[in-house]
Amino acid sequence: MDIGPLGVRELTRDAGFSISHIGELTGWSPAVPLADGMARTQQWLGERGLLGVREPSRRG
C-alpha cells in the first residue's frame, strides 16, 4: 500500500477530534498512547519505504 506524502499529510493533519467524546459515543478508548502510536506508525511507514516518497501528480 503506497499512500504517499499527500496521504500521510491527510492522516496527520491537525484536526479537532475528542477522544472523550468518541468514548462516550462508542465506549472505545485508545489502547496505545498517541506518542507511541505515532512512533509505531513512523516505523511501519519507514520499513515499507513510504516516508519521503514523492506523490505522483493526480492532475489530468
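Start with H3, which supplies the largest share of the lining of the largest pocket, seven residues. A pocket here is an open set of points on a 1 Å grid over the protein atoms alone, where a 1.4 Å probe fits and protein lies on both sides within 12 Å along at least five of seven lines; lining residues have an atom within 4 Å of a point. Before going further, note that this is a predicted model, where local features need pLDDT of at least 70 and side-chain atom pairs pLDDT 80 or more, while totals for chains, interfaces and linings use all residues. Residues are numbered from 1 along each chain as its sequence is written, and side-chain values use heavy atoms, leaving out hydrogens and water.

Stay at the pocket and select Leu 11, Thr 12, Leu 34, Met 38 and Thr 41: of the 22 lining residues, these lie nearest its centre. Helix H1 (4–12) and helix H3 (34–47) are the elements that give two or more residues to this lining. Helices are DSSP runs (H or I, at least four residues), as strands are (E, at least two), numbered from the N terminus. The space in the pocket is about 650 Å³, a volume being what is filled by probe spheres set on the points, with grid points joined across faces, edges and corners. Colour the lining by class and you get 16 nonpolar, four polar and two charged residues. Nonpolar means Ala, Val, Leu, Ile, Met, Phe, Trp, Tyr, Cys and Pro; charged means Asp, Glu, Lys and Arg; the others, Gly among them, are polar.

Next, select Ile 19, Ile 22, Leu 25 and Trp 28, which make a nonpolar surface patch of about 410 Å². Patch residues have over 30% relative accessible area and no salt bridge, and nonpolar side chains (Val, Leu, Ile, Met, Phe, Trp, Tyr) are joined within 5 Å. Leu 25 sits in helix H2 (residues 19–26) and is exposed, at 59% relative accessible area. Exposed is over 50%, buried under 20%, and partly exposed in between (1.4 Å probe, protein chains only).

Now pick Arg 48 and Glu 47. Their salt bridge has its closest N and O atoms 3.6 Å apart; the rule asks for a side-chain nitrogen of Lys or Arg within 4 Å of a carboxyl oxygen of Asp or Glu. Arg 48 is partly exposed at 43%, whereas Glu 47 is exposed at 56%.

Finally, zoom out. The protein chain has three helices and zero strands, and 10% of its 60 residues count as buried.

Methods. Patch = residues over 30% accessible without salt bridge, like charges linked within 9 Å, V, L, I, M, F, W, Y side chains within 5 Å. Areas by Shrake-Rupley, 256 points an atom, 1.4 Å probe, with all protein chains shown as cover.
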